[in-house]
Amino acid sequence: MDPVMLVPVGPWWSVLAQAIGIYLLVDFISGIIHWSEDRYGAETTPLIGNAIKKNILHHHRPRHITRISLWEAMSPTLFISLGIFAVGTLLGLFGWQLVLLSLLGMNVNTVHRWAHSIPKDLPWFIRALQKARLIQTPQHHAIHHGLPRVTHYCAFTNWVNPVLEVFRFWRGVEWCIAVLTGIRPREDDSLPGAGPTPQWILDLDEEYKVSARERRAAES
Ligand SMILES: [Zn+2]
Ligand SMILES: [Zn+2]
């Protein structure tokens with residue numbers, strides 16, 4: 001790790017283009033991880049079953065992410081980013097680009113939490129970042145939580161999801177996986193009519209005193 005590599009070199013427009021590309025790449029990576037958890041993960045999946053459980057909970061109770069501590073909310077993306085940084089460094093990719101990718105990546109779930117927060121609970125500069133569309137807005141993220149919850153997986157910006165949806169990217173990848181392996185996406189048990197809410201989620205409702213109104217809203 002040579003600190004000299006942390007200084008961007010080259011014309012300003014090239015550095016800016018690379019930085020924008022990394023910002024969009026972070027969003028795309030967030031989409032790949034989120035999509036794979038939503039569509040193919042299960043509570044029983046070895047090693048990551050616990051993380052999948054958090055995804056399942058998030059679809060049933062989207063506002064739960066605002067009730068847990070900031071550390072609990074951001075730690076999954078923090079550890080994934082540290083992993084990407086370590087692998088990237090081992091592959092000889094250490095430089096300002098890898099550091100920027102890791103720093104932005106660490107904050108994906110924090111940005112996601114802000115997208116679920118009530119605006120008046122957020123500091124003015126976070127609301128300003130959302131208004132400027134530099135981070136994902138609540139309105140944009142709400143599309144993922146609308147029915148049937150199979151689009152808009154990228155959780156960092158407003159810019160990558162529309163492009164992926166135009167090309168029906170996720171459906172195309174799922175089709176390829178089904179053709180090549182026979183594996184099909186799992187059913188989302190948070191969808192209306194998919195059966196009763198799991199008991200462990202109802203237990204959490206008690207613990208966090210979730211109102212009946214919020215439960216009804218989450219289940220429609
Ligand atoms: Zn999801
Ligand atoms: Zn969400």
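What percentage of the 220 residues in the chain do buried residues make up? Buried residues account for 24% of the 220 residues, where a residue is buried if 20 or more other C-beta atoms lie within 10 Å of its own, exposed if 12 or fewer, and partly exposed in between, with C-beta atoms placed from the backbone. This is a predicted model, in which local features need pLDDT of at least 70 and side-chain atom pairs count only at pLDDT 80 or more, whereas totals for chains, interfaces and linings use all residues. Residues are numbered from 1 along each chain as its sequence is written, while chains are lettered from A and ligands numbered from 1 in the order in which they are written.

**Overall fold**

- The chain holds eleven helices and zero strands; helices (H or I, at least four residues) and strands (E, at least two) are DSSP runs, numbered from the N terminus.
- The radius of gyration is 19 Å, close to the 17 Å that the globule rule gives for 220 residues, so the chain is as compact as a globular protein of that length. The radius is taken over C-alpha atoms, and the globule rule is 2.2 Å times the number of residues to the power 0.38.
- Along the principal axes, the C-alpha atoms of the chain fill a box of roughly 55 × 50 × 35 Å.
- Of the contacts in the chain with a separation of 6 or more, 63% are between residues 24 or more positions apart; two residues are in contact if their C-beta atoms, placed from the backbone, lie within 7 Å.

**Nonpolar core**

- The largest nonpolar core has 20 residues, and those with the most contacts inside it are V26, L101, V108, V111, C154, A155 and F156. Such a core is a set of buried Ala, Val, Leu, Ile, Met, Phe, Trp, Tyr and Cys residues joined through C-beta atoms within 7 Å.
- Two or more residues of this core come from each of α1 (12–40), α4 (96–106), α5 (108–116) and α8 (160–166), and α1 gives the largest share, five residues.
- Apart from its neighbours within four places in sequence, V108 is in contact with V26, S30, T77, A155 and F156.

**Packing of α3 and α5**

- The axes of α3 (residues 70–90) and α5 come within 7 Å and cross at roughly 130 degrees. Axes are lines fitted to C-alpha atoms, for helices over the stretch in contact, and angles run from 0 to 180 degrees between N-to-C directions.
- The two helices α3 and α5 are therefore oblique to each other, given that angles under 35 degrees count as roughly parallel, over 145 as roughly antiparallel, 65 to 115 as roughly perpendicular and the rest as oblique.
- On the α3 side, L70, A73, M74, P76 and T77 meet V108, N109, T110 and R113 of α5.

- Helix α2 (residues 49–60) has twelve residues and reaches 17 Å from its first C-alpha to its last, close to the 16 Å expected at 1.5 Å a residue; the expected span is 1.5 Å times one less than the number of residues.
- In α2, the buried residues are N55, I56, H58 and H60.
- H64 is found in the loop between α2 and α3 and is buried, with 20 other C-beta atoms within 10 Å.
- Not counting residues up to four places away in sequence, H64 touches L57, H58 and Y208.
- H64 and K209 are 145 residues apart in sequence and 11 Å apart in space, C-alpha to C-alpha.

**Backbone geometry**

- Most residues other than glycine have a negative phi, and most peptide bonds are trans.
- The peptide bond from L147 to P148 is cis, with omega near 5 degrees, and P148 lies in the loop between α7 (138–145) and α8.
- H152, also found in the loop between α7 and α8, has a positive phi near 50 degrees. With 24 C-beta neighbours inside 10 Å, H152 counts as buried.
- R168 has a positive phi near 50 degrees and is found in the loop between α8 and α9 (169–181). With 12 C-beta neighbours inside 10 Å, R168 counts as exposed.
- Just after α10, K209 takes a positive phi of about 55 degrees.

- Helix α10 (residues 199–208) is hardly covered, with a count of one buried residue among its ten residues.
- R186 has its place in the loop between α9 and α10 and counts as partly exposed, with 13 C-beta neighbours inside 10 Å.
- Leaving aside neighbours within four places in sequence, R186 is in contact with R39, Y40 and A42.
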